[in-house]
Amino acid sequence: MGVYGIVPAYDNFVCKALKKYNFDNAAGTYNENSIKAICNYFSAEEAQKFLTNCQNEISTQELIYPQMKIIDMILWEIGAHIKEPFSEIWKKILNYESII
């Protein structure tokens, strides 16, 4: 469902990011509490501004990424690079470590 932007994919990298930032007691487990924790966090005004910036940066006229897909991509990027540098495109978007 992550590919459709409904919920994060809960793949290995997303789960690592969820655990790193302790989104909820069951971080990394696809359940109602985890989805609520992610939605609550990213519904804050600062997070909404961040997501809008991301949407504007990576969307095209033909393809507008849903916010949940962007959240999935951010969490994947964080999880994939916990011990490695972030990719240049995400550095360009924003210093998103500060949002988490």
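These legends go with a few close-up views of a predicted protein model.

View 1. Walk along the sequence and you get the pattern α-α-α-α-α. How much of the protein is buried? Buried residues make up 42% of the 100 residues, where buried means under 20% relative accessible area, exposed means over 50%, and partly exposed is in between (1.4 Å probe, protein chains only). The accessible surface comes to about 6000 Å², and 52% of that belongs to carbon and sulfur atoms; the areas come from the Shrake-Rupley method with a 1.4 Å probe, and for residues only the protein chains shown count as cover. As for contacts (heavy atoms within 4.5 Å), take those between residues at least 6 apart in sequence: 51% of them join residues at least 24 apart.

View 2. A search of the whole structure turns up three aromatic pairs. Rings of Phe, Tyr and Trp (its six-membered ring) count as a pair if their centres lie within 6.5 Å; planes under 30 degrees apart are stacked, over 60 edge-to-face, and the rest tilted. F13 and W76 are an edge-to-face pair, 5.0 Å centre to centre with 90° between the planes. The pair links distant parts of the chain, since F13 sits in helix α1 (residues 12–20) and W76 in helix α4 (residues 67–80), 63 residues apart. F13 is partly exposed at 27% relative accessibility, and W76 is partly exposed too, at 33%.

**View 3. Y41 and F42 make another aromatic pair.** Their ring centres are 5.0 Å apart and their planes stand at 85°, so this pair is edge-to-face. Which of the two is buried, and which is partly exposed? Y41 is partly exposed, with a relative accessible area of 27%, whereas F42 is buried at 2%.

**View 4. I74 is tucked away in helix α4.** I74 belongs to helix α4 and counts as buried because its relative accessible area is 0%. Now look across to V14: I74 and V14 are 60 residues apart in sequence, yet 8.4 Å apart in space, C-alpha to C-alpha.

**Reading the views.** Residues are numbered from 1 along each chain as its sequence is written, and side-chain values use heavy atoms, with hydrogens and water left out. In this predicted model, local features need pLDDT of at least 70 and side-chain atom pairs count only at pLDDT 80 or more, while totals for chains, interfaces and linings use all residues.

Notes. Helices (H or I, at least four residues) and strands (E, at least two) are DSSP runs, numbered from the N terminus.
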